Amino acid sequence: MTKSAQPVAVIILNWNGRKLLEEFLPSVAANIPGDIARLIVADNGSTDDSVTWLEENFPDVEVMRLDRNYGFAEGYNKAIAAVAPRFKYTILLNSDVAVDDDWITPLYDFMQAHPAAVAVQPKILSYCDRDRFEYAGAAGGFLDKNGYPYCRGRVFADVETDRGQYDEPAKVMWASGAALLVENDAYMAAGGLDSSFFAHMEEIDLCWRMQLRGGEVWCCPASHVYHLGGGSLPAENPRKTYLNFRNNLLMLHKNLPEKGRAWRLIRRRLLDTLAFVKYAITLDFGNARAVWRAHRDYSRMKHDVVTSDATADLIAGNPDILIEYYVKRRRTFSSIGK
């Protein structure tokens with residue numbers, strides 16, 4: 001396969017997404033620096049007319065046709081495997097992301113200046129309220145000592161206004177899959193996204209695995225994008241609750257070192273039981289059942305998980321976000337720290 005003159009493939013994964021493409025693709029296509037990046041739409045076996053619309057309205061955008069819907073994780077795995085011989089980097093870009101300037105060059109330049117970096121995200125702002133961070137990623141993510149995710153700019157449901165407080169580049173624990181530049185060789189060596197997760201936390205798991213292999217994950221706020229977010233499953237949807245609780249347990253099981261793993265998971269499952277009780281007390285039986293099902297299915301699936309042989313525990317020294325948030329009433333990342 002011929003090596004592309006551009007080092008970066010920007011891949012939007014599409015499945016029956018004509019409306020999203022109509023709204024968001026024009027800004028992305030207009031802000032692709034042609035000397036370093038190539039825009040590709042990988043179609044996950046759509047049955048609507050999104051590909052026809054794309055070919056008619058954006059003939060310069062490359063279309064990769066997958067033979068069926070592989071879902072988010074496996075769809076990207078197949079797309080990146082296909083472009084890896086041509087491009088050094090890939091940007092995984094959600095179809096509900098808009099941009100208003102050249103956001104790619106700062107990410108590319110950052111990777112060139114930081115050889116240990118294997119992944120980097122831009123600052124992610126809300127599409128609907130552009131002065132605020134977006135929930136899914138903000139200015140880079142962390143995990144607390146129990147595996148709960150939070151971000152520079154978002155702690156649980158509290159999302160901060162962007163006042164430039166996180167405009168310095170920062171090494172982070174995870175970068176958002178909404179707009180994620182990865183080094184293709186590092187992505188493939190780490191095994192790509194875990195398709196068994198289906199959705200939610202698959203990028204956190206990937207970033208953890210890449211760091212266990214010696215890579216670094218960063219946020220580069222000199223680049224920014226606007227993410228609609230929440231389009232697939234709204235907050236407090238029982239399906240989303242189920243996936244988040246199940247996948248978090250699977251991720252901890254995979255990536256924690258063997259020494260202490262069992263105890264850490266027992267502690268986490270006890271904390272999840274408190275969430276189950278809270279849902280039950282408030283008569284939210286849909287989400288209570290979701291937590292119960294998540295633990296049941298984790299117990300079944302963990303036997304098929306390949307665990308890390310690493311001895312490093314990347315989250316042991318981090319804060320306890322439940323104590324910080326609910327006991328100490330600290331609601332911003334800067335008041336908590338890493």
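I took buried to mean under 20% relative accessible area, exposed over 50%, and partly exposed in between (1.4 Å probe, protein chains only). By that rule, arginine 18 is partly exposed because its relative accessible area is 28%.

This is a predicted model, so I kept its limits in mind: local features need pLDDT of at least 70, side-chain atom pairs count only at pLDDT 80 or more, and totals for chains, interfaces and linings use all residues. Residues are numbered from 1 along each chain as its sequence is written, and side-chain values use heavy atoms, with hydrogens and water left out.

Next, I looked up salt bridges (a side-chain nitrogen of Lys or Arg within 4 Å of a carboxyl oxygen of Asp or Glu). My search of the whole structure found 18.

I then followed arginine 18 to its partner, aspartate 49, at 2.5 Å, N to O. This pair links distant parts of the chain, 31 residues apart: arginine 18 sits in helix H1 (residues 18-30), aspartate 49 in the loop between strand S2 (37-44) and helix H2 (50-57). Helices here are DSSP runs (H or I, at least four residues), as are strands (E, at least two), numbered from the N terminus.

I also checked glutamate 62 and arginine 86, whose side chains meet in a salt bridge at 3.0 Å, N to O. Both glutamate 62 and arginine 86 are buried.

My last pair was aspartate 205 and arginine 209, with closest N and O atoms 2.9 Å apart. They are four residues apart in helix H6 (residues 202-212), so about one helical turn separates them. Salt bridges with shared partners join Asp194, Asp205, Arg209 and Lys254 into one network.
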